[in-house]
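Here is a short briefing on what lies inside this model and what shows at its surface. Start with the sequence and structure below.

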Amino acid sequence: MANVLHINSSVRNSGSLSRQLSGEFVAKLAAQGDTVVVRDLAAQPVPHLTEEVMGAFFTPAEQRSAQAAAAVQLSDTLVDELLAADVLVLAAPMYNFSVPSTLKAWIDHVARAGRTFQYTANGPVGLATGKKAVIFTASGGVYSEGPGAAYDYLSTYLRTALGFIGITDIEFVQAEGVAMGEDAVASAVAKGRASIEALAA
């Protein structure tokens, strides 16, 4: 059995293919006996970083004031959730060629020096190793190939950000072209479900 952390970042509660397909995948994992923790960044947005929070990050825990300790508490909780997970499932629709701002805010809180990565003489080293990430994306156009590929900052950013903290085993399930009509949506869902069956096997 594995510990699964499911992060939803779509602002839509209905009609979201990233929510739908990632939810179907996580349901299969739960049915197999895996433990699932869900964090919905639309229902409970993670605040953007502030000067106070950033300052608390770089203050040793034993030297933090009560105010600084309170400021860093949410970030510590998010990091603890990530480190406890064996599988990270991200529902990440493409907004303006990249990730939703709520997902970027979550990443800003979990990319923590001394907790999920460390600086060494040979450069930064990720500490959140030994995990698999499955990322469900959805986009109105096609960005995995063709002329649209130059505009795909979503997958490149997530590979870089997750790889920086040590998560390099990454699978993408892409629902593309969903603004191109009902047939395109049906095809994207069918392909997504085929990927889910293979990943959950």
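In helix 4, the buried residues are Thr102, Leu103, Ala105, Trp106, Ile107, His109 and Val110. Buried means under 20% relative accessible area, exposed over 50%, and partly exposed in between, with a 1.4 Å probe and protein chains only. Helices (H or I, at least four residues) and strands (E, at least two) are DSSP runs, numbered from the N terminus.

This is a predicted model: local features need pLDDT of at least 70, side-chain atom pairs count only at pLDDT 80 or more, and totals for chains, interfaces and linings use all residues. Residues are numbered from 1 along each chain as its sequence is written, and side-chain values use heavy atoms, leaving out hydrogens and water.

**Helix 4**
- Seven of the ten residues in helix 4 are buried, so the helix is mostly covered.
- The cover over its buried residues includes strand 1, strand 2 (35-40), helix 2 (51-57), helix 3, strand 3 and helix 5.

**Nonpolar cores**
- A nonpolar core is a set of buried Ala, Val, Leu, Ile, Met, Phe, Trp, Tyr and Cys residues joined through side-chain atoms within 4.5 Å.
- The largest one has 31 residues; Leu88, Leu90, Leu103, Trp106, Leu158, Leu162 and Ile167 touch the most other members.
- Helix 4 gives this core its largest share, five residues.
- Another core, of 18 residues, lies apart from it and includes Val26, Val89, Ala138 and Ala200.

**Leucine 162**
- Leucine 162 touches Leu88, Leu90, Ala133, Ile135, Ile167 and Ile170, leaving aside residues up to four places away in sequence. Contact means heavy atoms within 4.5 Å.

**Phenylalanine 97**
- Phenylalanine 97 sits in the loop between strand 3 and helix 4.
- Phenylalanine 97 counts as partly exposed because its relative accessibility is 34%.
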